[in-house]
Amino acid sequence: MKNWILKILCLVVLLCAVIVFINPMLGKMVVGTARIVGSKTQSEVFVNDQKQNNAKVFVSKSDFDGNESRDYLILYLRDLSMFNGFPVLVVDKQIKMVYYTNASLNDYNLIFGKLLQSESGANGLVAFNNQSKGLGFEPNLKINGNVITFEIPINDKVQKIKLNIA
């Protein structure tokens with residue numbers, strides 16, 4: 001009987017190790033160094049007037065540390081190859097600013113439709129128009145009801161982003 005319990009326990013540990021190896025964000029969630037960020041919202045994302053079905057939009061009502069009230073739209077772009085290096089963009093509707101995160105591709109992931117952020121992914125947001133820390137690029141953010149438009153520089157080209165939020 002003890003032999004079977006030991007075999008089952010080893011199998012469970014091995015299975016957990018494989019799952020964490022395949023998706024490290026799950027392991028981070030279990031040990032408390034990752035969290036669910038925002039809730040998914042019905043939306044359409046267009047880049048240069050072409051619909052992007054792989055882009056996802058999440059709404060967050062607090063900053064990434066959970067300390068301050070915010071009105072963030074979090075645009076998850078990791079699955080779009082044209083946005084290499086920008087896994088997540090953040091639109092702060094309250095102060096009308098567009099940010100990219102000071103994080104790597106490994107700091108954000110979608111799991112079961114939820115956007116997970118690692119602890120290091122919460123280290124900060126950088127405004128595109130910040131001259132010293134950002135890109136010094138003015139994104140021309142426009143918010144007109146549920147339609148949000150802005151521009152970002154990708155691969156030496158200006159990409160026009162349009163979000164239709166339901």
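This note walks through charged pairs, packing and strand order in the structure above.

1. **Ground rules.** This is a predicted model, so local features need pLDDT of at least 70, side-chain atom pairs count only at pLDDT 80 or more, and totals for chains, interfaces and linings use all residues. Residues are numbered from 1 along each chain as its sequence is written, and side-chain values use heavy atoms, with hydrogens and water left out.

2. **The sheet.** Start with the strands (DSSP runs of E, at least two residues, numbered from the N terminus). Five of them form an open sheet in the order S4-S3-S14-S13-S12. The pairing is antiparallel. Two strands pair if DSSP finds at least two bridges between them. S3 and S14 are joined by five bridges. Serine 43 stands opposite isoleucine 165 in S14.

3. **The edges.** Which strands stand at the edges of the sheet? They are S4 (50–51) and S12 (142–144). Each has a single partner strand, so one side of each is left without a neighbour in the sheet.

4. **The largest core.** A nonpolar core is a set of buried Ala, Val, Leu, Ile, Met, Phe, Trp, Tyr and Cys residues joined through side-chain atoms within 4.5 Å. Buried means under 20% relative accessible area, exposed means over 50%, and partly exposed lies in between (1.4 Å probe, protein chains only). The largest core has 22 residues. Leu75, Leu89, Ile148, Phe150 and Leu163 touch the most other members. S3, S6, S7, S8, S13 and S14 each supply at least two residues. S13 gives the largest share, four residues.

5. **Phenylalanine 150.** Look at its contacts (heavy atoms within 4.5 Å). Leaving aside neighbours within four places in sequence, phenylalanine 150 touches residues including Leu75, Leu89, Val98, Ile161 and Leu163.

6. Alanine 127 is 37 residues along the chain from valine 90, and their C-alpha atoms are separated by 9.2 Å. Valine 90 is in strand S7. Valine 90 is buried, at 0% relative accessible area.

7. **Salt bridges.** Side chains of opposite charge can pair when their charged atoms come close. Here a salt bridge is a side-chain nitrogen of Lys or Arg within 4 Å of a carboxyl oxygen of Asp or Glu. The count comes to three. One joins glutamate 44 and lysine 51 (3.4 Å, N to O). Glutamate 44 is partly exposed at 32%, and lysine 51 is partly exposed at 44%.

8. **A network.** Lys61, Asp71 and Lys93 are linked in a network of salt bridges. Lysine 61 meets aspartate 71 with the closest N and O atoms 3.0 Å apart. Lysine 61 lies in S5 and aspartate 71 in S6, so the pair ties together parts 10 residues apart in sequence. Lysine 61 is exposed, at 54%. Lysine 93 also bridges to aspartate 71, at 4.0 Å. Lysine 93 lies in the loop between S7 and S8, so this pair ties together parts 22 residues apart in sequence. Lysine 93 is partly exposed, at 27%.

9. **A buried charge.** Does glutamate 151 count as buried or exposed? Glutamate 151 is buried, yet has no salt bridge. Lys and Arg count as positive and Asp and Glu as negative; His and the chain ends are not counted. The nearest side chain of opposite charge, lysine 160, is 4.5 Å away. Glutamate 151 sits in strand S13.
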